[in-house]
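This report goes through selected local features of one protein model.

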Amino acid sequence: MKLILQLICANFIVSCGGAEPGLDGKDLIVVSIDTLRADRLPFYGAERETAGNPREKWSLAWIAANGRVYDQVWAPASMTRPSFASLWTGKHALEHGTVGNHQIVTDPLLSEELVADGYRGTAAVANWVLRPESGLGRGFDYYDLFLSHKEPEIPRTVVREITGGIHASEKQFIWAHFMAPHQPYTPNNKFRNVFVDTSGIKGDKKTLAQLHRAPNEFGAAQVEQLRALYDGEILTTNEYVVKLLSGIEKLYQAAGRGDLLDNAVIVMVSDHGEELAYHENYFMHSKSLYAGVTQVPLVIIGNGFEVGRHTTPIGIEEVLPLVINGKRPDSDFFVATWHNRFFVARDSRYTLIHNPAQNQHGPSEPPGDVDFYYPPIALFDREIDPLELNDISQEFPGITRAMMRKLVEWHAIHAIGDSTQEELNADDAAKLAELGYASATEDVDVDDYAPWPPERWDG
């Protein structure tokens, strides 16, 4: 019987007790991939081989096969800076107050905790909203931005910056953030048509906005072409990841320290996914709080993190406390918000959508001339409806009200943190718009709307 229990724990890693290994003096490597939707990866059920060759060491597929894959990982927002602020502060977006892409992260960072423990930090990030002015650069000795065509330089740059420290056996923490899956979808040419012939269509913001605005102008084949371009971008990013981790491993080997996993823990995660036209013909992400955007992939590999599937849900804000300090996630209820106005709440099975303001237009994100309607209350059963398409709130009013009550209780104990608005010039506002986000003037003064008590819903 004891052997059977050990095998169960080793294979499923669920509720078996014991402490998590934590970092335990190892180096930390965080590899994050912008806009990476979990269910577009084969180890989350996708039919397309978007994660590279599982026999190629350090491909996304290889990492998943040799690491701990978390089945349910929830982002607190559908935008980059709020999600990464949660990753590096260990707090929900409402708590640290960075709920938009132009609010400075001011709460203490786990990167600063690592520095206090004797680590040296290196970061190379490819998203403009993560630039040093974001506040996320604190604690890093090297922190630089690699936009557009410079993104392929990230692996070489990181290896260059850490070479001396690896040879000197200095403790390192590294953050490499890749952005290829974010629109515009311009995959490496060898991946452009690997799934579908994508000739005749562009994956740029203009095309995606027009699909949301005038879906009748697009056929199912064109929507599939756009999804294939997005999938090609995942394959493009996979090459970057292989180059990065292979290069770091060669450093350890050259220093006589063994392989990468002898020395480091690797975290592969995303900030949010992409809607891909499953709701309201909307393809991007900043308007949506549905599962395609707020469920993200997570794989942890190294230092005793057992290989296998992990079914216990986890929020992005719980990831680094787990990896650095061995703190087990203790959440069983997960909330994502657009500012403090639109809410989605999830337990292990059900999803509650809540629009307490009953705003008919949705979040003020581009394209601003198209609505993204959230019902005041909707309930979805993800076991049979993983895309959250069929509202069952009227059929199950008891479950709906129970979820509403839990959301009210959650909101009451998650104090809304103060935020510092970043001062943006016209060029900065244009960069945000190009990324598909609202400018500072559009979303800074949105009203707060507390969730409804259950008795307010007439069901």
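Both F84 and W175 are buried. The model is a predicted one, and it holds 19 aromatic pairs. F84 and W175 form one of them, with an edge-to-face arrangement. F84 belongs to helix α3 (residues 80-89) and W175 to strand β7 (residues 172-178), so this pair ties together parts that are 91 residues apart in sequence.

Strand β7 also carries F173, which pairs with F140 in the loop between β5 (120-125) and β6 (142-145); the pair therefore ties together parts that are 33 residues apart in sequence. The rings of F140 and F173 are tilted, and F140 and F173 are both buried. The geometry of the two pairs is listed here.

| Pair | Centre to centre | Angle between planes | Arrangement |
|---|---|---|---|
| F84 and W175 | 5.3 Å | 65° | edge-to-face |
| F140 and F173 | 5.0 Å | 50° | tilted |

Elsewhere, one aromatic cluster is formed by Y282, Y290, W338, F342, F372, Y374 and F380. Two arginines are placed over rings. The charged end of R131 sits over W128, 3.6 Å from the centre of the ring. R309 lies over the face of Y44, and here the distance to the ring centre is 5.5 Å.

Where does S288 lie? S288 is in the loop between β8 and α10, and S286 is found in the loop between β8 (264-269) and α10 (291-294). S286 counts as buried because its relative accessibility is 1%, under the 20% limit. For S288 the value is 0%, so S288 counts as buried.

The side chain of S286 reaches the backbone oxygen of G436 at 3.2 Å. Not counting residues up to four places away in sequence, S286 touches S78, M79, W338, E365, G436 and Y437. S286 and L435 are 149 residues apart along the chain, and their C-alpha atoms are separated by 9.9 Å.

The side chain of S288 makes a polar contact with the side chain of E275, at 2.5 Å. With residues up to four places away in sequence left out, S288 touches S78, E275, Y282, V293, F372 and Y374. Of these, Y282, F372 and Y374 belong to the aromatic cluster, and W338, touched by S286, is also a member of that cluster.

T50 is located in the loop between β1 (27-33) and α2 (60-65). T50 has 0% relative accessibility and therefore counts as buried. Its side chain reaches the backbone oxygen of R40 at 2.6 Å. Leaving aside neighbours within four places in sequence, the contacts of T50 are R40, L41, P42, F195, D231, I234 and L235.

Helix α6 (residues 154-167) has 14 residues; from its first C-alpha to its last it reaches 20 Å, close to the 20 Å expected at 1.5 Å a residue. A bend of about 35° occurs in α6 at E161. Buried residues of α6 are I154, P155, T157, V158, V159, I162, G165 and I166. The buried residues of this helix pack against β1, β5, β6, β7 and α9 (220-254).

Just after α9, G256 has a positive phi of about 75°.

**Backbone exceptions**

Which peptide bond is cis, with omega near 0°? The bond from Q183 to P184 is, and P184 lies in the loop between β7 and α7 (189-192). A cis peptide bond also joins P366 and P367, with omega about -5°. P367 is found in the loop between β14 (350-354) and β15 (377-381).

Q358 lies in the loop between β14 and β15. Q358 is not a glycine, yet has a positive phi of about 55°; with a relative accessible area of 40%, Q358 is partly exposed. E388, likewise not a glycine, has a positive phi of about 60°. The place of E388 is in the loop between β15 and α12 (397-413), and at 1% relative accessibility E388 counts as buried.

Terms used:
Residues are numbered from 1 along each chain as its sequence is written. This is a predicted model: local features need pLDDT of at least 70, side-chain atom pairs count only at pLDDT 80 or more; totals for chains, interfaces and linings use all residues. Side-chain values use heavy atoms; hydrogens and water are left out. Rings of Phe, Tyr and Trp (its six-membered ring) pair if their centres lie within 6.5 Å; planes under 30 degrees apart count as stacked, over 60 as edge-to-face and the rest as tilted. Helices (H or I, at least four residues) and strands (E, at least two) are DSSP runs, numbered from the N terminus. Buried means under 20% relative accessible area, exposed over 50%, partly exposed in between (1.4 Å probe, protein chains only). A charge sits over a ring if NZ of Lys or CZ of Arg is within 6 Å of the ring centre and within 35 degrees of the ring normal. A polar contact is a pair of N or O atoms within 3.5 Å; within protein, one must be able to donate a hydrogen and the other to accept it, and residues adjacent in sequence count only if both atoms are side-chain atoms. Contact means heavy atoms within 4.5 Å. The expected span of a helix is 1.5 Å times one less than its number of residues. The bend at a residue is the angle between axes fitted to the seven residues ending there and the seven starting there.
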